[in-house]
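Open your viewer, get the selection tool ready and follow along one stop at a time.

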Amino acid sequence: MTQRFDTSDEFDDDLDALDDGEELVDEELDWDADPEATGYDGLQLELAERLSLKRVAGMSTQVEDISEVEYRDLQLERVVLISVWTTGSESDAENALTELKALAETAGAQVLEGLIQRRKSPDPATYIGRGKVEELREVVVATGADTVICDGELQPAQLRNLEDQVKVKVIDRTGLILDIFAQHAKSVEGKTQVELAQLQYLKQRLRGWGGNLSRQAGGRAAGGAGIGGRGPGETKIETDRRRINTRIAILRRRMRDLDGTRETKRADRKRNRIPSIAIVGYTNAGKSSLLNRLTRAGVLVEDALFATLDPTTRRHTTGDGRVYTLTDTVGFVRHLPHDLVEAFQSTLEETSDADLLLHVVDGSDPDPFGQVNAVRSVLNDIGASHVSEQMVINKIDAADPDVLQSLRTAFPDAVFCSARTGVGIDELRAVAESRLPSPEVPVRVLLPYGRGDLVDKIHKAGQLLTVEHTGEGSLVDARVHPDLAGELAPYVVD
């Protein structure tokens, strides 16, 4: 069965200093402007910069010459979507194709039409079968499309066969997501991770045509001196694969250096016993907006998939003065490419090392439960399934009341809020702070007035219960971590 729908709406080397996207701010951000005037998302200068670089529809330079797809940028303009429906209901298949449409538009494409085929499994040769390939070719000709996007990860042979028969560029879901990541990466670490994932994906999809692209054997054999000089030397595809492997090795070494910097920052927070909260969830669920609401961080907010790639960590304090961190992480998606998970492993470690996960769900999405399952699947893959989780249902101002009721039944402990309007944010902040780990050692100390540094440490890393100023010093009742308790031991009183 093939289902069509019209979606012809138009859609509009290293940095000078290392910026790995995980800067821990030591002071409160300067917000001279009124939040009511500028919004809790700040001025969004990065968003203005990104929008100024949007691709212009109809300015394609690659309609012809599709022989070497892997050597060209993915400049998507006018596309047709194709999906194979193998399991689930018809609405599940439509939701999957709608998500693919959003991915294509985020990459800068104009979606012309979408096709869904009902099959038990994708065709091993062309993904959609011989008859549907002919129908797809007719749609491409009729609409004037220059690209076909498949909702699945194509094998190299499937991609080559489909492209040869449809006569236009063919991109699979993985290639599309990699293209979006390449557009949105800004930091050195983000760009390195994306390039590594792209090369790992590309290495298996190189194309060559035998002796016409071979190099002659070198050395004495080049002069016809005996064995080795009578056959082709290294072919072009072998040369390309070797160069890709060399570049991958360079990127891996660079990632190890960047990992060391990230680990140093993480170890410093662990040493100071600073609790951490990671905001996780499906892409475009509103994670960055929530971070801005909770901390006024002013990070980039955009109604697009994978708008955030570089994690952002901001310091905040609880109502009783304890310091903790909030980290905005990269969003997840169904069938997240394995190469991306591997390349972004160091970034995703922020999630597995957190004390609490704020699992943000888009309450206005047609399939919020599918989002929850997809996110939990990725969390399990990266070893973060053991971390405490607090469900947060966002965008309740745009959600269907019946869907919200279903979510309340399924997740009775969830917090329902709207990052846009601010409804439920105070409740979310209170719940999140209450679930942070508390210091476990009660102490009663008399601190001399000259040891204000210890009082400051109790404020930041402990839980101050009472303080009384006496003639000998400050009498403090508090709960602290064992390390700080040892430092306070000389001043303990009964």
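The tour below goes from the core to the helix pairs and then out to some loops.

**Before you start**

This is a predicted model, in which local features need pLDDT of at least 70 and side-chain atom pairs count only at pLDDT 80 or more, while totals for chains, interfaces and linings use all residues. Residues are numbered from 1 along each chain as its sequence is written, and side-chain values use heavy atoms, with hydrogens and water left out.

**Stop 1: the core**

A nonpolar core is a set of buried Ala, Val, Leu, Ile, Met, Phe, Trp, Tyr and Cys residues joined through side-chain atoms within 4.5 Å. Buried means under 20% relative accessible area, exposed means over 50%, and partly exposed is in between (1.4 Å probe, protein chains only).

Select Leu 136, Val 148, Leu 162, Phe 181 and Phe 306: in the largest nonpolar core, which has 74 residues, these touch the most other members. A second, separate core has 21 residues, including Ala 285, Leu 291, Val 392 and Ala 419.

Now click on Phe 306. What does Phe 306 touch, not counting residues up to four places away in sequence? Look for Leu 103, Ile 177, Ile 180, Phe 181, His 184, Thr 283, Gly 331, Val 333 and Leu 336. Contact here means heavy atoms within 4.5 Å.

**Stop 2: Val 148**

Next, select Val 148, which sits in strand S4 (residues 147–150). Helices (H or I, at least four residues) and strands (E, at least two) are DSSP runs, numbered from the N terminus. Is Val 148 buried or exposed? Its relative accessible area is 0%, so Val 148 is buried.

Show what surrounds Val 148: setting aside residues up to four places away in sequence, Val 148 touches Val 80, Ile 82, Leu 136, Val 140, Val 166, Val 168, Lys 169, Val 170 and Ile 171.

**Stop 3**

Two packed helices are described by the angle between their axes and the distance between the axes. Axes are lines fitted to C-alpha atoms, for helices over the stretch in contact, and angles run from 0 to 180 degrees between N-to-C directions.

Colour helix H4 (residues 130–143) and helix H5 (residues 156–166): their axes come within 9 Å and cross at roughly 50°. H4 and H5 are therefore oblique to each other. On this scale, angles under 35 degrees count as roughly parallel, over 145 as roughly antiparallel, 65 to 115 as roughly perpendicular and the rest as oblique.

To see the contact, show Val 133, Leu 136, Arg 137 and Val 140 of H4 with Leu 162, Gln 165 and Val 166 of H5.

**Stop 3: H3 and H6**

Helix H3 and helix H6 (residues 173–184) have axes that come within 9 Å and cross at roughly 40°. That angle makes H3 oblique to H6. Select Glu 99, Leu 100, Leu 103, Ala 104 and Thr 106 in H3, which meet Arg 173, Leu 176, Ile 177, Ile 180, Gln 183 and His 184 in H6.

Stay with Glu 99, which lies in H3 (residues 90–106). Glu 99 counts as buried because its relative accessibility is 11%. Leaving aside neighbours within four places in sequence, Glu 99 is in contact with Arg 173, Tyr 282, Leu 305, Val 333 and Arg 334.

**Stop 4**

**Stop 6**

- Tyr 127 is in the loop between strand S3 (110–118) and H4. Its phi is near 75°, a positive value in a residue other than glycine. With a relative accessible area of 5%, Tyr 127 is buried.
- Lys 395 is in the loop between strand S10 (389–394) and helix H13 (401–410). Its phi is near 60°, also positive in a residue other than glycine. At 22% relative accessibility, Lys 395 counts as partly exposed.
- Pro 366 is in the loop between strand S9 (356–362) and helix H12 (368–381). At 65% relative accessibility, Pro 366 counts as exposed.
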